[in-house]
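Notebook open, new structure on the screen. I want to follow a strand and its neighbours, then look up a residue elsewhere.

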Amino acid sequence: MTHPGHDPRSGESLYKKNSQRMNLDAAMAQAPPTAELKIIYQSQNFIVVDKNFDVKINSDDESDRVTVATQLAERFPDNVDDTICHKFRFVHRLDYSTSGALCIALNKKASAVAGDKFKNREVIKEYLALVRGHVSEVSITIDKPVYPNPEEGLTHMMCVADDPPVDMKTKSATTELEVLQLGMYDGEPATKVKLCPKTGRRHQLRVHCQYIGYPIVGDYTYSFRQDVKPYRMMLHSFKLTIPIPNELIDVIATDPFTTELDSKWQPLVASR
């Protein structure tokens with residue numbers, strides 16, 4: 001059985017068209033301005049930033065005036081590389097809606113070394129998320145292949161398949177989920193979880209959470225256009241460890257899912 005998202009419109013930022021959803025200008029007002037891009041690691045070879053939610057990494061669209069690339073160019077003009085597209089070497093990607101630790105290489109050699117670590121699955125990635133409902137299990141391993149939705153207008157989405165189409169090439173995908181707290185978000189049941197992707201597929205964490213019945217709070221696409229009330233999607237790249245020879249990158253990006261930072265999140269029990 002196939003479990004696709006059912007958004008008939010393309011693009012992750014479509015929620016902006018829904019009058020119930022906070023528009024982009026208001027969402028950006030919640031994020032630090034360009035000059036305040038948070039740096040959590042810096043060396044001669046790498047920068048790791050705490051990416052703001054609802055910001056693209058880079059863009060060919062001139063109307064996208066704020067991206068991580070433009071933020072970096074303003075903050076680090078001496079590190080702009082005019083020989084490459086978008087001026088910076090992003091070692092990996094985060095979705096537009098996802099916040100947290102994002103690594104940028106400052107030279108070609110560093111980019112190649114870090115890229116090999118991702119390719120060989122030597123990088124440890126931990127995400128925090130708030131998901132809808134109270135997860136009954138302490139931990140869950142989701143081992144389900146994913147593939148791009150082939151339907152017209154839905155190709156920006158991924159599908160999880162128990163029995164994938166014979167003519168569709170799927171990619172293995174494994175996610176480990178650990179429950180941290182049960183609670184309420186804006187008066188509705190929610191669970192704070194740690195997500196550890198063992199593979200790096202597009203939208204993997206989002207579609208895996210939707211597949212097991214606990215979609216990420218604020219994920220417009222994989223909640224079937226229903227979750228429009230939260231001001232952001234509650235997925236955050238929390239911990240990133242890249243075992244670079246002679247330079248271990250081991251960083252943590254501040255947890256945004258705390259009552260102190262978002263009073264709508266109210267835990268029912270202490271953290272595990």
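I started at Gly100, which stands opposite Ser237 in strand 12. This is a predicted model, where local features need pLDDT of at least 70, side-chain atom pairs count only at pLDDT 80 or more, and totals for chains, interfaces and linings use all residues. Residues are numbered from 1 along each chain as its sequence is written, and side-chain values use heavy atoms, with hydrogens and water left out.

Strand 5 (residues 99-105) pairs with strand 12 in the parallel sense, over two bridges. For me, strands are DSSP runs of E, at least two residues, numbered from the N terminus, and two of them pair if DSSP finds at least two bridges between them.

Next I checked strand 6 (residues 124-132), which runs antiparallel to strand 12 with six bridges. There, Glu126 has Lys239 as its bridge partner.

Strand 13 (residues 247-252) also runs antiparallel to strand 12, joined by six bridges. I found Ile242 bridged to Ile249. The hairpin of these strands has two residues between them, and Asn246 takes a positive phi near 70°.

Why is strand 12 (residues 235-244) largely enclosed by the rest of the structure? Because eight of its 10 residues are buried, meaning under 20% relative accessible area with a 1.4 Å probe, protein chains only.

Last entry: Thr174, in strand 10 (residues 174-185). Thr174 is buried at 18%. I noted contacts (heavy atoms within 4.5 Å) with residues including Ile142, Cys196 and His208. The C-alpha atoms of Thr174 and Ile142 are separated by 5.6 Å, though the two sit 32 residues apart along the chain.

Terms used. Helix = DSSP H or I, 4+ residues; strand = E, 2+ residues; numbered from the N terminus. Buried < 20%, exposed > 50% of the residue type's maximum accessible area, 1.4 Å probe, protein only. Lists of a residue's contacts leave out its neighbours within four places in sequence.
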